[in-house]
Structure formats: structure tokens, C-alpha cells
Amino acid sequence: MSERTITEQKKGKSKTSIPITGMTCVNCAATIEKGLAETEGVENASVNFASEKATIEYDPGKVDLTKIKETISELGYGIATKKSIFPVGGMTCAACVARVEEALKDVPGVVSVSVNLASEKATVEYLEGTQYADLKKAVEEAGYELGPEIEALEDVSETSQREIRKIRNRFIFAAVLTVPIMVMMFTPEFHFMHYVLLALATPVQFWAGWRFYKGMWGALKHRTSDMNTLIAVGTSAAYIYSVLAVFFPGLFTSGGLEAHTYFDTSSAIITLILLGRFLEARAKGQTSEAIKKLIGMQPKTATVIRDGEEKEIPIEDLQVGDLIRVKPGERVPVDGIIREGHSSLDESMITGESIPVEKNAGDEVIGATINKTGAFRFEATKVGKDTTLARIVRLVEEAQGSKAPIQRLADVIASYFVPTVIAIAIITFLVWFFAGPEPSLTYAFLNFVAVLIIACPCALGLATPTAIIVGTGRGAEHGILIRSAETLERAHKINAVLLDKTGTLTLGEPNVTNIIAIPPLTENEVLRLAASAEKPSEHPLGEAIVRAAGEKGLELVPVMDFTADPGHGIDGVVGGKKILLGNLRMMQKRGLKLNGLEEQASKLWEQGKTVMFLGIEGQAVGLIALADTLKPDAPDAVRQLHRLGIEVVMVTGDNRRAAEAIAREAGIDRVFAEVLPEHKAQEVKKLQSEGKVVAMVGDGINDAPALAQADVGIAIGTGTDVAMETGDITLIRGELKGIVTAISLSKRTMRTIKQNLFWAFAYNVILIPVAAGVLYLAFGHNGVPSGLQFAFGERGFLNPILAAAAMALSSITVISNSLRLRGFKPGK
């Protein structure tokens, strides 16, 4: 991050310099200036076309950089920002997330922030010049820790493992001291017993439980509260009550009360919550398993050939243009092009395709794929953060750090949750103290502690992000890259899929589909003569004919006097015979008799195929039909989309007859034919005007406006050049079944999120009243059934220790439910 800060703040006003992208003339600068001047809160805006920068004075109380960025985007331009991911330490619940986000948003130059509780990472978009030191200071002042920026392919699991070990050690320490405390509570009282309990409970309270006090203090400094506040207040109340009972028993006995101690309650609560945090941290680590797997795929070293010598160097030292040697069984270190040798490569870790792919000189190879058989040398074309693997990891991490709209409800509730719980706890204490049965202070106190401890904003905070992390990670394992949580949420509502024909629905290149020969010639002879004549041609139809002959192993003969008639066909001499190969117009122009081939050609034209006639010495002797054929999985993918209740529509620039022939073959419902590339976005709008939630599927290059217009844009491609940044979802493999998998994964993830949110809400809505003592109204007079007395005693009051166990269990339940997504399989 740069040394220079570009945003100044003075007397409640801010001044910033923003790099603008997309300007082509002075009028662009004037347009942006006018748009910014009309934005509420912007006091002065000056845009310099030469330096491509906008200098803006604004009131941060009325407008922020996010709004300024949106204004510039709506005008059709962009701002040059950087996006970085940082590890965040010390967060425990949704309230912590909100506080870290608020702290980072207040740093000058920060455009947007998304903090993820489950992955413990902050994704920060900022202007050039924003300093890491400022971000770190802001987070530390909020009571948390911000680590350095995570570089591409950097595994931060060691940091989280360190945190897990720290929690585990504190839990073990607390458990070792809590066990004898619990045992002593059930043994006859002996001399100095209360002092022994105090000696054992104090380190549990203030060393094992120190993280809760630290978190509470961080919250108090910002005049707010969080999960740590509830635990610290609840356990401190039990501990302080007990200390007073040990040293000043007269405070209680003078009022006719017994001086009870609750060291077992305070210690057991801290121990159980630390156990819950430990299990929760381990489970959260498992949610990021997919990203760890991806990062772990890159080899640490590469064998490079420099100055004619082979040497093994760290992968970080590789440069574009380096010649690298890969032996059988090794992983390809970076992206490149094979220059020498051939092999088959297992690309399943990138594309999800399990069948090895044959590679020869001139073919692309993707970093992290496994070389199965032969040895080869390749030239590095992309290294470091530019490799396909690094881009995939970055995209997945950004998606995992983003927030789904459904999470906003949970965030809003979480922001009011802790103060509400504290209020309920105080009301509970007062009600039971003044209106409860004797000993009223004991019941009031225990219910107060139980309410504070059982409330769980953690489950609310983890409900959405854990499912998003597992869902996006599972997608990446199957070659499906989902750009954001919002995309994942929108995709489950898709009810119309618009498929671009060429290259998406079809293979994108012509292939020979039919050969008709007039005896005595055979089909192979027609193909051999046509291919021999087309050998010098560079036309795609000619290349397809030559390729078809090669696939059949036909031996071609040289062509003499080759000439091309653009738009019609070719002629030449093959084996001493005058050959003509071309369309109907060429045959008519040269006066060739078709010998009954017109009728068969008409049937092929109706199927949308291109027909080439072969003439020898003035007579038509056969024809070859070509078409851009469907991808093999297209009909099955369309059937599966129909099963999901989705309408499938095709858009193409082809004529209607050809388009409808392809649509029939694929089983597609509707066709938009003869549509120019620039008008595809209009077809998307047409479907949206019918109330459809539309996914547009295209190659991501020619279809950018349509992909942007769609509710969900799906870019489909193969290899290192797949346009990952153009679509909301990117299918690395060129297979249409990826669309079905992406939508199914979205539906399954959303179902998991809704289950998690239901559990988190239901848990709090049901158990907070139970902790407050409502069961006393049902059981108080007649007594609690014997089977429930271990939890509620004889009168229906919840034991605070069990409240702590239930609270720990609620978070683990939510995470475990999200982890079930790891079992998602395409087609299931």
C-alpha cells in the first residue's frame, strides 16, 4: 500500500483526489463534474481530463466515497480502486463485525468494507494512497487486530491454527481447575473450603476468561456492547456475588438470607463457552477447506532452464518468458504454452473435469495441474498473482468475504440484540427479586445470569457467512466461480436462462455432419476429393472438411491451379480432374447439373446446415453438409434446467431457420433469431419485462452488455483466458451442465442459510424466556417432572451452567449445518 494519503479531513469536511477511468475527452470530464456537483453533500468537484483525476470536497456526514463511486458509475465511468483482504482477530459475534466495518469505513480513502465473521477476514476497497498503518490503527482502537494484507495464494491457516491452539490451552486450563470446583460443590463442607474455591475460580475468571473482558472493554470504549459483554457481565456477577459471600457473609445473613457461593457457576460457564469457542473455531476452519486445498495445489519450486542450464528455483522467482521443465508426476508451476514435448494433464483441480487432457506443442497449460505421462518444456506466460489459480483463489476469497442481502436482516437484529438482552436480564432480576418466591434474591440472581449467558448473537452472525464460504468453495471445486454472496442469493430465483448460441450452446466451429455421394463414388471418396481441393484454403468451412478427412485417415492428393471464389467456393485440379466445390449459387453460375441433389440439399437447409456441392468435370457427384454442432451435453443440460422449472431461451445472429433447427435439437423453448451482438441486452430486458429472473450465458467477451443487464451473468469458457471478471458466475469448463450445477448449488446454499437463520432466531426466541423463568409459571406450584429437574431444578428455573452449554451448542449447530454443504454433488 502506498505511503501517501490522498484524503484530508478538516473541520468536518473532507477533500479527496480520485483516479477516474473511462474518460475519452474533455466532455467526459464535464459530465462527471456536473454529476458530482448535483450529488447531495458534494460541495466542490473538479475533474482534470489530462491527469484523469477528480478533486472533490464533500461533507462526510451527508455523503461517503461509496456514494461518490456509485454516482460516477451511474454516469458510465469508473474509479481506480484497489481491493485487499486482511485477517481480523478478536471477533466473536455479529456486533464485532459491525464495529470493525464501522472503524474501517471511517479511515480516509476507504470506499467500501465487508467483514466476514466466519472467515475472520476484511475485504477493503480503497483509493491509492490509503495506508495500511491507518487501517490497522483504526481496527486496534476498536478493540481488534488487523493483520497484513493476504497476498494471492498465501495460506493464512497457520494464524487461525495459532488462535485455535490459544483457545484450546485456555479451555484445558479452565477445565483442570473447574473439575475440582464442581466436585467440591457436591462434597460436605470443610474448613476454608470457600477460600479454596475462590483460589481455584479466580484464575479461571481472570486468565482463562480474559478474552471476554478484553472484548467488553473494546466495546465499552466505543459506547456499545457485544457477546463478550454478556459473558463478562454474567460470569462477573456470579464471581463477585460469591466473593462478597466469602468475605462479607453478614451482608446476606443480616437480611435473613444464606450466603451462597456460585464459583461453580462462573467457572463452569467460562469453561463451557471456551469449549464452544474451540469447537466453533475448528469447525469454522473446515468451512474454508476448499480455499486451503486450492492454495495447497501450487508447487513451491520449479525447474527453470536459464543460460542452457537447469536449476530449481522458488516459484516466487519465476518470470514471464522463463522456459520451465516439467517431469511426469509433477505439478505445472505456473500458466504457459508448451514449446517442446507432449503429455496428458489432470486439470480436475481447476476445471472439475476428471479425464486427463492431451497437450502438445503450442497448447496452453494451467498452473497447479498435474502432469500425468510425458515430460515437456513450456514457456511461462503468467506468474504470481496473474496465474489462473491465483485469480480463482482471489475471486473465491472476495466472494466469501461479501455479504448476501439476506444477511442484512441478521445484522440489523444483531445491532440491537445485546442491549435488548441486557435490558431483559435486568427486568428479569427485578421481577423475580420483588415478585418471586423465596429465596427471591437467589432466583433473581440465577435467572439474571442465565439470560445473559444463554443469549447467542454468535449463531445469528454465523448463519449466513459459514454457508456462503462452504457454498462458494464447493463451487470452485467444480469449476464454478461465484463472484459474490449476492449473486449466490439471486441465482436461486432464476426462472429463465438465455443462452447465446455460438460457442455457448454449440462448439463454435463448423463440423462435417452429412456426406451424400452419387454412385459409383463413395462418401469417403467425396470427402477425400473435397478435402484435397480445400487443403490450401484458410476458410473455416474448408478447414472443417480437411479436419474431417484427417479424422477418417484419408490420404489427400496435391491440388493444382487452386483458385478461391470468395462467398461461393473454390476450384482446382485434383488427380488430373477439374474439381469444383461450392454453394448452390456457384453451381448455377458454372452451369453444373445437380443430378437430383437439390431435394436432399433442401432437407439439410431446413435443418439450418450449410451445403457444399462437389462437381467433377461439369457434373455434380455429391455434397457435404456442415453445421456448428451442439455441445454433447447441451440436450441433457436443457432437460435438467426444465426439471428445475426454468424456461430456456436461445439468442443468435443466425437466420430463424438455422436457429430453430438447433433449438429443436437441444429441446429449447424459445428462440430470438437474427439478433445483432449489441442488441442482445435488449432481449434480456424483454424477458425481464415479462417478470422473469434472467440468467444470461455467454462467452464473456462479445456478450458483456447482455451479461451486465441480466440478473445473473454467467460467463462460460475454457483455459487460462476465461473471462473471470465479466460474469457474476464463471464456468471454467465450457460445459453447459455447469449452469445447472451453479443454480442447484445456489438453491441448496440458500436453503441452508434459511435453516441456519431459523435455528438462530428460534433458539433465542424460545430459550431467552426459558432462562428468564417462564417455566416457573407452568411448574412452579406443582414441581418440575423428575426427568427435567437436572436442568430446571424443582421450581422451573434454568441452571446457568446449562445455559452456557446451550449457547455454545447453538453456534456449533449452525456451523455443522453449513458444513453439510461439503457433500453437495452436481446432479444431486
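Predicted model: local features only at pLDDT ≥ 70, side-chain atom pairs only at ≥ 80, totals over all residues.

## The whole chain

The protein chain has 828 residues, and 54% of them count as buried. Switch to a cartoon view: there are 30 helices and 31 strands to find. Along the principal axes, the C-alpha atoms fill a box of roughly 125 × 65 × 65 Å.

## The largest nonpolar core

Which residues touch the most other members of the largest nonpolar core? Select Met 91, Val 497, Leu 499, Leu 505, Ile 668, Ile 729 and Ile 739. The core they belong to has 140 residues. Now colour helix H27, residues 737-772. H27 gives this core its largest share, 13 residues.

Zoom in on Ile 739. Leave aside its neighbours within four places in sequence. Ile 739 is then in contact with Val 497, Leu 499, Leu 641, Val 697, Ile 714 and Leu 731.

Next, select Leu 529, Ile 570, Ile 579 and Ile 616. They are included in a second, separate core of 24 residues.

## Helix H23: one buried face

Select residues 634-643, which form helix H23. Ala 634, Ala 637, Val 638, Gln 640 and Leu 641 are buried here. Where do the buried residues sit, seen down the axis of H23? They fall within an arc of 160°, so they line one face of the helix.

Now show what packs against the buried residues of H23. There are three strands to colour: S20 (496-500), S26 (619-630) and S27 (647-651). Helices H18 (501-505), H24 (656-666) and H27 also pack against them. Then step just past the end of H23. Gly 645 takes a positive phi of about 80° there.

Move to helix H22, residues 597-606. Its buried residues include Leu 597, Ala 601 and Leu 604. They cover an arc of only 60° around the axis, which puts them on the same side of H22. What covers the buried residues of H22? The cover includes strands S21 (506-517), S25 (610-616) and S26. After H22 comes Gly 608, whose phi is positive, near 80°.

## The largest cavity

The whole structure holds three cavities of 30 Å³ or more. The largest cavity has a volume of about 80 Å³. It is lined by 13 residues, and those closest to its centre are Val 115, Leu 117, Lys 403, Gln 407 and Pro 465. S7 gives the largest share, three residues. By type, the lining divides into five nonpolar, six polar and two charged residues.

Ser 112 lies in strand S7. Is Ser 112 buried or partly exposed? Its relative accessibility is 25%, so Ser 112 counts as partly exposed. Not counting residues up to four places away in sequence, Ser 112 touches Thr 66, Thr 123, Val 124 and Glu 125. Draw a distance between the C-alpha atoms of Ser 112 and Thr 123. These two residues are eleven apart along the chain, and the atoms are separated by 8.3 Å.

Ser 266 lies in helix H10, residues 263-287. At 0% relative accessibility, Ser 266 counts as buried. Leaving aside neighbours within four places in sequence, Ser 266 is in contact with Gln 205, Thr 235, Ala 238 and Tyr 239.

For the last stop, select Ser 811 in helix H30, residues 800-819. Ser 811 has 1% relative accessibility and counts as buried. Again leaving aside neighbours within four places in sequence, show its contacts: Glu 280, Cys 456, Cys 458, Ala 459 and Leu 462.

Methods:
Residues numbered from 1 in each chain as written. Heavy atoms only, no water. 1 Å grid on protein atoms, 1.4 Å probe; cavity = no way out; pocket = protein on both sides within 12 Å on 5 of 7 lines; lining within 4 Å. Points joined across faces, edges and corners; volume = space filled by probe spheres on them. Helix = DSSP H or I, 4+ residues; strand = E, 2+ residues; numbered from the N terminus. Nonpolar A, V, L, I, M, F, W, Y, C, P; charged D, E, K, R; others polar. Core = buried A, V, L, I, M, F, W, Y, C linked by side-chain atoms within 4.5 Å. Buried < 20%, exposed > 50% of the residue type's maximum accessible area, 1.4 Å probe, protein only. Contact = heavy atoms within 4.5 Å. Arc of directions from axis to C-beta.
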